[in-house]
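Here are my notes on this model, point by point. Please read them with the coordinates open.

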Amino acid sequence: MTTSFSAQDHQWMARAIRLARQGLYTTDPNPRVGCVIVRDDQLVGEGAHLKAGEPHAEVHALRAAGDHACGATAYVTLEPCSHHGKTPPCAEALVKAGVARVICAMQDPNPLVAGRGLARLQEAGIETASGLLESEARALNPGFISRMERGRPYTRLKLASSLDGRTAMQSGESQWITGSAARADVQRLRARSSAVLTGVDTVLIDNASLTVRAAELGLPDEQAALAAATQPLRVVVDSQLRLPASTAMLSLPGSTLVATSRADNEPSAIALSATGARVLSLPGADGRVNLSALLPWLAEHAQCNELLIECGATLAGAALRAGLVDELVLYMAPTLLGSSARPLFNLPLEQMVQQYRLQLTDTRQLGDDLRLTLSCHQETD
C-alpha cells in the first residue's frame, strides 16, 4: 500500500531536511537529522541533531513545542530511535508528548532500530508513515547509510588537475593548481568526513597535514569553529613504514592511523606508536596494504561514515581498481601542465573495453575552477 502525502506534508518534510543540514559538519558518527512539529497547520517546534552525545532532533523540537506537541504531527528525516544509546530513545519521547502522527523520510538502516522505532509508535496508537522525500533524506547521510548497510564508509576520491589531466609537475611540485575557492571547498569536504586518507608519498612530498582549518572553510566564524573543533582521523597508507616519527602531521591535533603491510611490532612501527599514532598491519598482495580490508576496519573500529581520499596517481588508481570509490570529486583548473607532468590515475589500461565510464552528477564553477562530481558505480551498456 502506497501512502499518499499532501503538499503540506512535502513542505514540512523539506523544512526538516533543511534543518538536518545544520549538522553537516558536527554530528559524526551519528546521522544528520531534522524534525519539525506541526499542529493545526502551524509550526509549533523544530530542531536538528547538532552533535553526537547531545539531544537528537526530536528532543529539540519537542522542547520547543511544549504542550502544543500533543495531537500534533512530527516530520522527521530519519526514523526515531528506539534504543538507549548516549541519549534516551526518541520514539518514547514522542509517545510521552502525545503526538498523533509521525512521518519519516526513511527508516533507520541501523540494525538497532530498523523499523523498531515506527513499531513502538504504532503500538502507542500513533499514526505513522515513511518514504516522504526519501532520496533527499538518504543524500543527507550517505556515509551513515553505507556503514550500516554495507559495513564500509562512503568513499570520495578528491583530485585536482589541470585541463590536460595533470596533478603535479614531474618533480612532484603541485601547489597550487586550483584557486582559493576550490581549496575552501576541499576543506568543507574534509570537515564533513570521518577520516581523510592519503599515501605516504603525499605526506613526504607535500608535507600534507590533512587537517580542517577554520579560517579556510569559507563559513561563518561560529560554524567554522564548530566544524574544525573535531578533526577527522588521518589515515596514511604506508606499506613499508617509511613515515618518519618526526613527521609534522603526527604532532597536529587529532588522531593518525598508519596502515601498513609490515608487522606492527617492528622498530619503525614502535617509533610511530610512541608519537600517539596507531599502526595497523593489513598485508595484501605484492607487499601492499589491503585496501579492501582497511575500509571495513574503519567502519567497525573508527565508526567512519564518510571517507575522503586525497592522494597521488598510484593510490588513486589502486582504490578505483579495487572498487572502493563511490564518488570522484575532481577540481579542474584552467591551466596546462604539459605531457611530462603527473597524471590523475595510474591505471594500466590497454583496450577500450577496459575503460572506466563514470556518471557525471554535478558540475559547478568555483572561482576560476570547475568542480566535477561523478558517481564511480560504473555504467553498463
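1. For the charge count, Lys and Arg are positive and Asp and Glu negative, while His and the chain ends are left out. On that basis the protein carries 34 positive and 39 negative side chains. The centres of the two sets lie 3 Å apart.

2. Keep in mind that this is a predicted model. It contains twelve helices and 16 strands.

3. Along the principal axes, the C-alpha atoms fill a box of roughly 70 × 45 × 45 Å.

4. Of the 381 residues, 50% are buried.

5. Consider contacts between residues at least 6 apart in sequence: 69% of them join residues at least 24 apart.

6. How many disulfides does a search of the whole structure find? The search returns zero. The cut-off is a pair of cysteine sulfur atoms within 2.5 Å.

7. Two cysteines deserve a look. The closest cysteine sulfur to that of Cys 90 is in Cys 81, at 3.8 Å, which is too far for a bond. Cys 90 has 0% relative accessibility, so it counts as buried.

8. For Cys 70, the closest cysteine sulfur is in Cys 35, 15 Å away, and again too far for a bond. Cys 70 counts as partly exposed because its relative accessibility is 44%.

Methods:
Residues numbered from 1 in each chain as written. Predicted model: local features only at pLDDT ≥ 70, side-chain atom pairs only at ≥ 80, totals over all residues. Heavy atoms only, no water. Helix = DSSP H or I, 4+ residues; strand = E, 2+ residues; numbered from the N terminus. Buried < 20%, exposed > 50% of the residue type's maximum accessible area, 1.4 Å probe, protein only. Contact = heavy atoms within 4.5 Å. Charge placed at Lys NZ, Arg CZ, Asp CG, Glu CD.
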